[in-house]
Amino acid sequence: MLSRGYARRDLARIAAIFGVGAMAAASGRPAWASAGVPDPAPSAKTRIGANECWTGPLAPGQAAAAKMIAQGNRYSPHNERSDFIKAVMSVEGVPFDHVAPWPGSSDPLSRAVVTYCSPTKGLVTADPTFELAGRTAAWLGAPVKAVPLTPDFRHDVKAMLAADPNAGLYYICTPNNPTGTITPLADIEWLIQNKPAGSMVLIDEAYTHFAGVPVASSFAVKYPDVIVMRTFSKIFGMAGMRMGYIMTQPANITKMMRYDGGMQSGALPLPSLVCATASLTAGPLIAQRRAQMQAARAFAIDHVKKHGLKVVPTEANMFMIDWKTKPAKDMQAAFRTQSVEIGRSWPIWPSVSRVTVGSMAEMAAFCTALDKVWTA
């Protein structure tokens, strides 16, 4: 790391990023927690602010996790990690050695920044997008370039490359958080083919199962400098169980694991691991859950538009409402008076709130609250 431009005083600070409770902020919460503010209060009757799924894990996953509890005395009773990777292989069409599971996707996201960025190799992201990569890079002292989305809310890949033609990492979130919009695979492949040699492209597809669109898995096999990342925190309803995975070429996995000898990827909680394995291959149940979300989303967006408000077109379990001249933080506080916890805003769009799509009942509660708190 010294050869990459870090000072010796940085090394202990960087090493601490990957332990239990890594990157603890001054408040004691992980720095990758949602914008450094508390998650929606458990006391809220309607919690549609954190992009969580409205329900728990799929039934096959729940059954597998429950069965595994009795075998929790073993680190690996039946090679469960290998079974998980084989499930990814069957769904994604990638080789065994191209897959690494993780406890959620926050660790590999921050780890990719630490691995490929430095004071001389920056990070390029969209604006707005999920901020963890940017916060990690800033914490490391790596330059960060945040590039506005295109007018139709895609990642502006040409502008991203122009913003830093020598970046260490280009971060693409599709569907994007917070907009729920898709960046076409053709745009992403253009960036891969035109970026500088040696830099990496990280494609975060946390919400892709909600969208049902073509995915970037094949890029992880085709190109040596691509990482594709997934999580089970969204459509699979496992946010509290912490499971995710990356797909990339073996040399990249080895490089990302060198900070802990593979412990974070190898020593995973077994109930979460088997729950993820059983859920990943439950195609009809995934499609059913996606359809439920789409129906609840359409219901809520139609109601919002009846109030004359604009909504960003979305393909994921979230939508953004433009409150015109009213600050988003004020509208969030107004909804809180109705025990409805909506999401936050981003600095680039201070009058726009993100709302998570919950169950149909939760979206009905949101619509009722909207009728009470909104006046044009």
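In this predicted model, F219 has a relative accessibility of 5% and therefore counts as buried, since the cut-off for buried is under 20% relative accessible area. Y223 is buried as well, with a relative accessible area of 11%.

**Aromatic pairs**

The structure holds 10 aromatic pairs. In one of them, the ring centres of F153 and W349 are 5.9 Å apart and the planes stand at 90°, so this pair is edge-to-face. The pair links distant parts of the chain, as its members are 196 residues apart. F153 belongs to the loop between β4 (144–148) and α6 (157–163), whereas W349 belongs to the loop between β11 (340–342) and β12 (352–356).

| Pair | Centre to centre | Angle between planes |
|---|---|---|
| F153 and W349 | 5.9 Å | 90° |

Elsewhere, ring pairs join F319, W323, F335, F366 and W374 into a cluster. One member of this cluster, W374, has K326 over its face, at 4.5 Å from the ring centre.

**The sheet and its helix**

Three strands form an open sheet in the order β9-β10-β12, and their pairing is antiparallel. Strands β9 (310–311) and β12 are the edge strands, each pairing on one side only. Strand β10 (residues 318–322) runs antiparallel to β12 and is joined to it by five bridges. Within this arrangement, M320 stands opposite R354 in β12. Helix α13 (residues 283–306) lies across β9 and β10, and its direction is at about 5° to β10.

Note on methods. Residues are numbered from 1 along each chain as its sequence is written. This is a predicted model: local features need pLDDT of at least 70, side-chain atom pairs count only at pLDDT 80 or more; totals for chains, interfaces and linings use all residues. Side-chain values use heavy atoms; hydrogens and water are left out. Rings of Phe, Tyr and Trp (its six-membered ring) pair if their centres lie within 6.5 Å; planes under 30 degrees apart count as stacked, over 60 as edge-to-face and the rest as tilted. Helices (H or I, at least four residues) and strands (E, at least two) are DSSP runs, numbered from the N terminus. Buried means under 20% relative accessible area, exposed over 50%, partly exposed in between (1.4 Å probe, protein chains only). A charge sits over a ring if NZ of Lys or CZ of Arg is within 6 Å of the ring centre and within 35 degrees of the ring normal. Two strands pair if DSSP finds at least two bridges between them. Contact means heavy atoms within 4.5 Å. Axes are lines fitted to C-alpha atoms, for helices over the stretch in contact, and angles run from 0 to 180 degrees between N-to-C directions.
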